[in-house]
Amino acid sequence: MKATVMYGAHDVRVEEVPDARIVDPTDALVRVTRGSICGSDLWPYNSMPASQVGNRMGHEFVGIVEDVGAQVRSVKKGDLVVAPFAWSDGTCEFCEQGLQTSCLHGGWWGGTELDGGQGEAVRVPQADGTLVVLPVGPDHALMPSLLTLSDVMGTGHHAALTARVRPGVAAAVVGDGAVGLCGVIAARRLGAEQIILLGRHPDRIALARQFGATEVVSERGDEAIERVRALTGGLGAHSVLECVGHGEAVHTAISIARAGGAVGRVGVPQQETIPDARPGFYANVTIAGGPAPVRAYMYELMPEVLEGRIEPGRVFDRITTIDGVPDGYRAMNEREAIKVMIKF
Ligand SMILES: [Zn+2]
């Protein structure tokens, strides 16, 4: 089968790999029908040291169950399923709490040991605790939006929840990538009255406005901080969704939170420390967030997609085949595309 393998920075290849197959009785074999490239894939795309073996890529996918192990009960051959960006057993202490990204027996797709979603098929460990059945066919018109339940929509929702968005608040979203745009959808859905997007790309800003952003701040650094403060009566935002991960973005996020406010971090941190310890402390700003338990959020968000109340699939502005994946990385990295969908 074909799969995407990253061998180093700017070195993404599509090549023949051993066919995915059932190994453990809790596995399912899924033939991928849709996958995508994530903004977080761009971190290794720009920084991965050269490797001889390479890393299998992709953690967002929808597909058809081709086979299941003897102990799998919740999915069967022929089901169309969506996979969260982390796999999980569904039964441990943390899964019971709805925090599947901390599953005691779970893990992450791809790397050197497992298949990834940017390939033709995937061995899914812990299938019962991982996969969720979609009640539609593989070419349904809502497929782009359903695919975002794998990661970006659930991650935007997590940013909004951990930033404590609630009716009437002023929310600010740092970052205009697919997660930031989904954060706008989530903030609106949870009742934010004001939604300020911090971003600089015209196509993304236009989409953010359609998703519910009420204001856009395109300045950077101190100017951006001053602008957000001016837009919030000098006080700052109650809820800040940090959807980037590098130091300047986190600094901006903490600096635009009002006293007693919260920052929900979903951008993968690109440094070891959180900036602004002292001003954040004196303002009683809550710093929360982490990898989103999107598996838990699927049950809440899927009906919203199926009933047409949210359309996160609009973040996909390019579709490619498996052979076009390396160029998809390039296009996203050069901000030529917001998010690339892979159609198998
Ligand atoms: Zn678990």
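Asp276 lies in the loop between strand β15 (257-265) and helix α10 (277-282), where helices (H or I, at least four residues) and strands (E, at least two) are DSSP runs numbered from the N terminus. The phi angle of Asp276 is near 60°, a positive value in a residue other than glycine. The structure is a predicted model, in which local features need pLDDT of at least 70 and side-chain atom pairs count only at pLDDT 80 or more, whereas totals for chains, interfaces and linings use all residues. Residues are numbered from 1 along each chain as its sequence is written, and side-chain values use heavy atoms, with hydrogens and water left out.

A positive phi, of about 55°, is also found at Asn284, although this residue is not a glycine. Asn284 belongs to the loop between α10 and β16 (286-289), and it counts as exposed because its relative accessibility is 61%; here buried means under 20% relative accessible area, exposed over 50%, and partly exposed in between, with a 1.4 Å probe and protein chains only.

Turning to helix α11 (residues 294-306), Glu304 is located within this element and is buried, since its relative accessible area is 12%. When residues up to four places away in sequence are not counted, Glu304 touches Arg189, Arg309 and Ile310, contact being defined as heavy atoms within 4.5 Å.

Gly117 occupies the loop between β8 (107-108) and β9 (121-124), and with a relative accessible area of 0% it is likewise classed as buried. Although Gly117 and Gly35 are 82 residues apart in sequence, their C-alpha atoms are 5.8 Å apart in space.

The zinc ion has as its protein donors Asp89 (OD), Cys92 (SG), Cys95 (SG) and Cys103 (SG), which lie 2.1 to 2.3 Å from it. Donors are N, O and S atoms within 2.8 Å of the metal (3.2 Å for Na, K and Ca), and sites may look incomplete because water is not among the atoms. In sequence, the donor residues follow the spacing D-x2-C-x2-C-x7-C. The arrangement around the zinc ion is tetrahedral because the four donor atoms subtend angles of 92 to 120°, the requirement for four donors being that all angles lie between 85 and 135 degrees.

Definitions and conventions. Four donors count as tetrahedral if all angles lie between 85 and 135 degrees; four count as square planar and six as octahedral if opposite donors are over 155 degrees apart and all others between 65 and 115; anything else is irregular.
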